[in-house]
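Open the model in your viewer and keep the sequence panel beside it. The stops below each say what to select and what is there.

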Amino acid sequence: VQLQASGGGLEEAGGSLRLSCEASGRTFTGAVMAWFRQAPGKEREFVSATGYGGLTEYRDSVKGRFTISRDNAKNMVYLQMNSLKPEDTAVYYCAAGWTGTWNSDKMYDYWGQGTLVTVSS
């Protein structure tokens, strides 16, 4: 099983980036797909999640700026990040799980390798 995240990079404050995560190696039917992030020296934190039917959840600080979406046929999940802020700088991880609390990392069974997002001021 593999989750491959991509799309990170260096962006100026106010800019946009789109992260992608491709899942492979097993069926992800019914899975909740999520994005977490970890900034240097900080704990990993929940960013956003989407259920198989399209329901979504976001942390408060990204609401209105980030949009999560998924393509179940392609086993892909995306994170469109607009109006980026320096405090969004972190390694972003995609994750997949089936039961639990969406904003808890304990729910997720599979994790990608992370993609670095750096936002300059």
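**Stop 1: Ser 83**

Select Ser 83, which is partly exposed because its relative accessible area is 40%; buried means under 20%, exposed over 50%, and partly exposed in between (1.4 Å probe, protein chains only). Ser 83 sits in the loop between strand 8 and strand 9. Strands (E, at least two residues) and helices (H or I, at least four) are DSSP runs, numbered from the N terminus. The phi angle of Ser 83 is near 50 degrees, a positive value in a residue other than glycine.

The model is predicted: local features need pLDDT of at least 70, side-chain atom pairs count only at pLDDT 80 or more, and totals for chains, interfaces and linings use all residues. Residues are numbered from 1 along each chain as its sequence is written, and side-chain values use heavy atoms, with hydrogens and water left out.

**Stop 2: Thr 89**

Next select Thr 89, in the loop between strand 8 (76-81) and strand 9 (90-97). Is Thr 89 buried or exposed? Thr 89 is buried, with a relative accessible area of 19%.

Show the polar atoms of the Thr 89 side chain. One lies 2.9 Å from the backbone oxygen of Pro 86. The backbone nitrogen of Val 119 also lies 2.9 Å from a polar atom of this side chain. A polar contact is a pair of N or O atoms within 3.5 Å; within protein, one must be able to donate a hydrogen and the other to accept it, and residues adjacent in sequence count only if both atoms are side-chain atoms.

Leaving aside neighbours within four places in sequence, Thr 89 is in contact (heavy atoms within 4.5 Å) with Ala 39, Pro 40, Val 117, Thr 118 and Val 119.

**Stop 3: salt bridges**

How many salt bridges does a search of the whole structure find? It finds six, a salt bridge being a side-chain nitrogen of Lys or Arg within 4 Å of a carboxyl oxygen of Asp or Glu.

Select Arg 44 and Asp 105, whose side chains meet in a salt bridge (3.3 Å, N to O). The pair links distant parts of the chain, 61 residues apart: Arg 44 is in the loop between strand 4 (32-38) and strand 5 (45-50), and Asp 105 is in the loop between strand 9 and strand 10 (108-111). Arg 44 is partly exposed at 33% relative accessible area, and Asp 105 is partly exposed at 28%.

Now select Arg 59 and Glu 45, where the side chains form a salt bridge (3.5 Å, N to O). Arg 59 lies in the loop between strand 6 (56-58) and strand 7 (66-71) and Glu 45 in strand 5, so the pair ties together parts that are 14 residues apart in sequence.

Then select Lys 63 and Asp 60, joined by a salt bridge (3.0 Å, N to O). Lys 63 is partly exposed at 48% relative accessible area, whereas Asp 60 counts as exposed at 61%. To see a network, select Arg 37, Glu 45, Arg 59, Arg 65 and Asp 88, which are joined by salt bridges that share partners.

**Stop 4: Asn 75**

Finish by selecting Asn 75, in the loop between strand 7 and strand 8. Phi of Asn 75 is near 55 degrees, a positive value in a residue other than glycine. Asn 75 is partly exposed, with a relative accessible area of 26%.
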